[in-house]
Each structure stands twice: as C-alpha cells, then as structure tokens.
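Trainee: I am new to this structure and would like a close look at a single part. Could you take me through the sheet and what lies around it?

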Amino acid sequence: MNPLNHLAPELEAGLVALGLPPQPLAGRLLEYLALLDRWNQAYNLTAVRDPREMLHKHLLDSLSMWQAVRPGRLADLGTGPGLPGIPLALAVPGLEVTLVESNGKKCRFMREVVRKLGLANARVVEARAEAVDEPGAYDQLTARAMDTLGGILAVGGHLLAPGGRLLAMKGQRPDAEIAALPAGWTVESVQPLSVPGLKGERHLVTVTRGPAEPA
C-alpha cells in the first residue's frame, strides 16, 4: 500500500487539468513520489520536504511541458532526482529518456526508481552534461532551473542532432537570456505554462540551431 495514496484525487485532478489521462499514470507517479519522499528523508535529494508540495512543485510542474515533447530520444540535463525526466518518461509514449546527473546519491536514487518502476525507457548517466560523449544523439534536450539558456547550450548543445530542440523550463520570461543566446541558436517559441496548484510565472523556451529570423 502506497502511503501517499491519499494524494491520488489531487494528482488525478491536476493531470486532467494538464490534458493527461489520470490512469494508470497517477498510480505510477505516486510510486515515484513515495520513493522520492522516503529517500529524501535520508539523502536530502530536494529542498521540498512535504509530499503534497512535491506533487505540485515537482510532478505537475514537470508535466506542464508534456505537450511540447515529441517521441524520440531526450536527454534531461542536471536532472537532480529525475525532474522532469522521470515524469515525462512515464507520461509520453515513445519517449526514451537519458537522465544526466553528476551527483552520485541522486543517481543511485534514480537507478532504484528505474528498477522499481520497471522504466524500460529511461537510463541514468552519472556525469556532467559536458562530459557525456554522445554527440548528436538526441532529438531533444530539457533542463529545469539548471542554468541560463546560453549556459545549458554550452554544456549540452553537442548532444543535439541536426534539427534537435532544447526545451528549457523557466520562471519569468527570460528576455535577457534570449538576447544573449550564442551565435547559431535561435528561439523557436516561448510558451507560458500553467501548473495546477502553483502561482507564479512559468515559461517553456524552445531553442533550435539556426540563424535568427530577419526582423
């Protein structure tokens, strides 16, 4: 019996608000959340301690971008305890997720999640993003509160295949970061995100290789 089953109605309502089918996804997400809560008590994987707060700030926040994610290979850079990569691996059919993280205890936790949940479409790479030697191997990169757009591309841009996209989760619209993008990269879109149960601005910035459009 999952000790967090009392959160199921709230999670299911959040998934419906995001346009996701609540079953069997809610049960799988609650399994992940219970593992995160248990490990967090010993290993301090996230500063958020309350499971209900984790539900909104971690699970639903991660899934608010799901409609922008396409089937294929995705590398989640600086994923921490697997956010947003593990929720996306559970929610998006046809997605293969590589969870990139340099912190050993967070990687041990994610390997346990992959094993316990039988996540055949997720793998853990214990390394800094710039050290991952898989050039051009990914259709998509994602990063959640990792760095500036330019900083993410500096360490992970080599992983993107031609035509690949960076999906960067941000709070307020990052106009200064967009203006400072390195040469050869351009913003495809900036989409406001709505996270059930959370206040404050959230944006998804999609960046692709290529020259900026003429003004």
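Mentor: Happy to; we will go through the sheet, then the helices on it, and end with a glycine and a pocket. Please keep in mind that this is a predicted model.

Let us start with the overall layout. The sheet is open and is formed by 7 strands, in the order 3-2-1-4-5-7-6, with mixed pairing. At its edges stand strand 3 and strand 6 (185-192); each has a single partner strand, so one side of each is left without a neighbour in the sheet. From one strand to the next, the twist averages 20°.

Strand 2 (residues 95-101) and strand 3 (residues 122-126) run parallel and are joined by 5 bridges. To find your place in this pair, look for Val-97, which stands opposite Ala-122 in strand 3. With helix 5 (residues 104-117), strand 2 and strand 3 make a β-α-β unit, and this unit is right-handed.

Another parallel pair is made by strand 4 (residues 138-144) and strand 5 (residues 160-170), with 6 bridges joining them.

Next, follow the chain past strand 7. In the segment after this strand you will find Gly-210. Gly-210 and Gly-184 are 26 residues apart along the chain, yet their C-alpha atoms are separated by 5.1 Å. If we leave aside neighbours within four places in sequence, Gly-210 is in contact with Gly-184, Trp-185 and Thr-186. Of these contacts, Trp-185 and Thr-186 bring us back to strand 6, which spans 185-192.

The largest pocket has a volume of about 320 Å³. It is lined by 18 residues, and the closest to its centre are Leu-77, Gly-78, Thr-79, Glu-101 and Met-146. By type, the lining has 9 nonpolar, 4 polar and 5 charged residues.

Definitions and conventions. Residues are numbered from 1 along each chain as its sequence is written. This is a predicted model: local features need pLDDT of at least 70, side-chain atom pairs count only at pLDDT 80 or more; totals for chains, interfaces and linings use all residues. Side-chain values use heavy atoms; hydrogens and water are left out. On a 1 Å grid over the protein atoms alone, a cavity is a set of points where a 1.4 Å probe fits but cannot get out, and a pocket is an open set with protein on both sides within 12 Å along at least five of seven lines; lining residues have an atom within 4 Å of a point. Grid points are joined across faces, edges and corners, and a volume is the space filled by probe spheres set on the points. Ala, Val, Leu, Ile, Met, Phe, Trp, Tyr, Cys and Pro count as nonpolar, Asp, Glu, Lys and Arg as charged, and the others, Gly among them, as polar. Two strands pair if DSSP finds at least two bridges between them. Helices (H or I, at least four residues) and strands (E, at least two) are DSSP runs, numbered from the N terminus. A crossover is right-handed if, with the strands pointing away from the viewer, the path from the first strand over the helix to the second runs clockwise. Axes are lines fitted to C-alpha atoms, for helices over the stretch in contact, and angles run from 0 to 180 degrees between N-to-C directions. Contact means heavy atoms within 4.5 Å.
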